[in-house]
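Here is a protein model to look at with its charged side chains in mind. Some questions and answers come after it.

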Amino acid sequence: MSFPKGFLWGGAIAANQSEGGFTCGGAGESVSDHFSAGTRNTPRYFHHELKPDVCYPTQQGIDFYHHYPEDIALFAKMGFKTLRTSISWARLFPHGDDEVPNPEGIEYYRSLFTCLKENGIEPLVTISHYEIPLELAKKYSGWASRKMIDLYLNLCRTLFTEYDGLVRYWLTFNEINVLSNGYGDIMSAGILPEGDCPIFTSTADLSTRFQALHHQFVASARAVKLAHEINPENKVGCMIAATVTYPYSCHPKDILAAQEAMNQKNFLCGDVQCRGAYPSFALSWMKRNGIELDWHEEDAKILQEGTVDFYSFSYYMSSCISTQSNGEAGQGNMSEGTLNPHLETSAWGWQIDPDGLRYYLNEAYNRYNLPVMVVENGLGAADVVEENDQIHDDYRINYLRSHIQAMEDAIEDGVDLMGYTPWGCIDLVSLSTGEMKKRYGFIYVDRNNDGSGTLRRIPKDSFEFYRKIIAQNGLTPKKADETAVFQN
């Protein structure tokens with residue numbers, strides 16, 4: 001078995017990490033424009049007011065805003081069938097609650113999507129990806145306010161009508177479960193702290209955070225219904241940060257702890273968006289923790305009627321959970337837990353576990369019976385440009401090879417897998433650290449952590465590897481002849 005005909009091979013980026021063009025074309029400021037740079041050991045900060053001596057890497061990104069035609073040409077050369085990207089809400093509505101959209105923003109995205117289509121690449125668009133307009137965060141305390149639902153629907157209506165015929169695949173919220181996991185208050189919900197603080201700080205009490213999440217659930221469901229009303233061909237998915245948690249030991253309490261973690265971190269949000277109702281474990285957990293949601297009369301009906309068409313997720317690593325506190329703490333992609341002694345670890349502390357991807361694909365598909373898509377996956381590493389612009393990233397090739405193999409194994413298990421878009425297919429600003437040094441792409445971008453550099457684009461060895469993968473329709477080592485892609 002190879003990958004199915006029509007499989008959506010591609011890559012993924014996000015406006016807040018690649019687009020740049022800070023305030024170009026009448027755009028407003030987003031919350032992410034106020035995230036400082038950091039490192040693995042130094043947290044990124046949200047600053048209420050921009051500081052002249054601080055680097056804010058989101059403001060420049062990799063200047064995809066001006067470079068997208070050449071970048072898309074490189075994606076087409078690799079054979080991309082789709083590109084996952086996102087909208088900057090403040091580029092279309094500079095204040096977030098403007099009565100009419102910014103015409104320059106409308107035309108920018110129209111030009112971007114048209115360029116993709118002309119190159120045979122289907123846009124997959126995330127509507128909200130960690131870039132809430134700053135003024136909405138300040139005026140309404142972000143998604144803590146129910147007012148955000150109507151403002152978000154105004155954005156959606158604009159997108160679904162302006163780009164009807166150009167875009168048919170949509171994701172409502174990026175990694176919506178970061179709110180249930182306790183570290184998305186600022187970046188995902190726009191609930192700002194009183195003072196400056198690290199961006200992954202939990203700033204709200206549990207009731208406020210879960211109220212914000214509930215508002216996003218309702219907004220997502222209404223967006224699904226609206227997309228289908230405007231064009232029945234639209235396909236709308238959810239997007240979950242896959243948090244794979246294994247029991248650290250066979251101790252029964254570790255087994256139960258892992259089950260609880262998988263439920264709370266993954267299936268709470270998946271159940272609401274795919275099944276249309278809160279699962280019983282979530283209602284019980286909220287009751288035990290004194291969380292009381294403000295439900296409107298029609299909310300339950302909206303959630304039931306606005307379930308998604310497909311389930312998408314990001315996957316980078318797994319972790320373990322121990323009730324015995326006898327393991328080393330893990331790191332990576334906002335994950336918590338204990339290091340798995342059976343896995344290798346990247347330079348940024350992320351454990352490499354392709355079998356975890358197969359495991360999660362099976363769990364998600366068998367739970368929801370919806371098509372699934374891996375919309376983020378990849379290895380962050382410090383690449384070196386050698387003589388004649390050679391970039392030998394065998395470590396990334398090995399990572400991709402093993403995870404593509406895991407996806408094929410999941411397909412053989414019976415999973416309906418519709419596509420794969422590795423994260424940061426072109427180098428971009430790392431969300432977790434704000435660095436350029438931590439690179440994911442098949443394409444190197446000459447930009448440094450301090451913002452210096454020519455922004456020149458250079459294909460890496462992984463560029464040719466991925467091109468061959470797509471050309472062979474993803475034939476993995478078990479299926480491909482031994483002459484091409486899978487030899488080092």
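This is a predicted model: local features need pLDDT of at least 70, side-chain atom pairs count only at pLDDT 80 or more; totals for chains, interfaces and linings use all residues.

Q: How many salt bridges does a search of the whole structure find?
A: Side chains of opposite charge can pair when their charged atoms come close. Here a pair counts if a side-chain nitrogen of Lys or Arg lies within 4 Å of a carboxyl oxygen of Asp or Glu. Over the whole structure, the search gives a total of 26.

Q: Asp-71 forms a salt bridge with Arg-457; how many residues apart are they?
A: The closest N and O atoms of Asp-71 and Arg-457 are 2.8 Å apart, and both residues are buried. Asp-71 belongs to helix α2 (residues 64-78), while Arg-457 belongs to strand β16 (residues 457-459). The pair thus links distant parts of the chain, with a separation of 386 residues.

Q: Is Glu-298 buried, partly exposed or exposed?
A: Glu-298 meets Arg-146 in a salt bridge, at 4.0 Å from N to O. Arg-146 is in the loop between α5 (134-140) and α6 (147-162), and Glu-298 is in the loop between α10 (280-288) and α11 (299-305), 152 residues apart. Buried means under 20% relative accessible area and exposed over 50%. The relative accessible area of Glu-298 is 38%, so Glu-298 is partly exposed.

Q: Which residues do salt bridges that share partners join into one network with Arg-396?
A: Arg-396 pairs with Asp-393, their closest N and O atoms being 2.8 Å apart. Both Arg-396 and Asp-393 are buried. Through shared partners, Arg-396 is joined into one network with Asp-383, Asp-393, Asp-427, Arg-439 and Lys-460.

Key. Residues are numbered from 1 along each chain as its sequence is written. Side-chain values use heavy atoms; hydrogens and water are left out. Helices (H or I, at least four residues) and strands (E, at least two) are DSSP runs, numbered from the N terminus. Buried means under 20% relative accessible area, exposed over 50%, partly exposed in between (1.4 Å probe, protein chains only).
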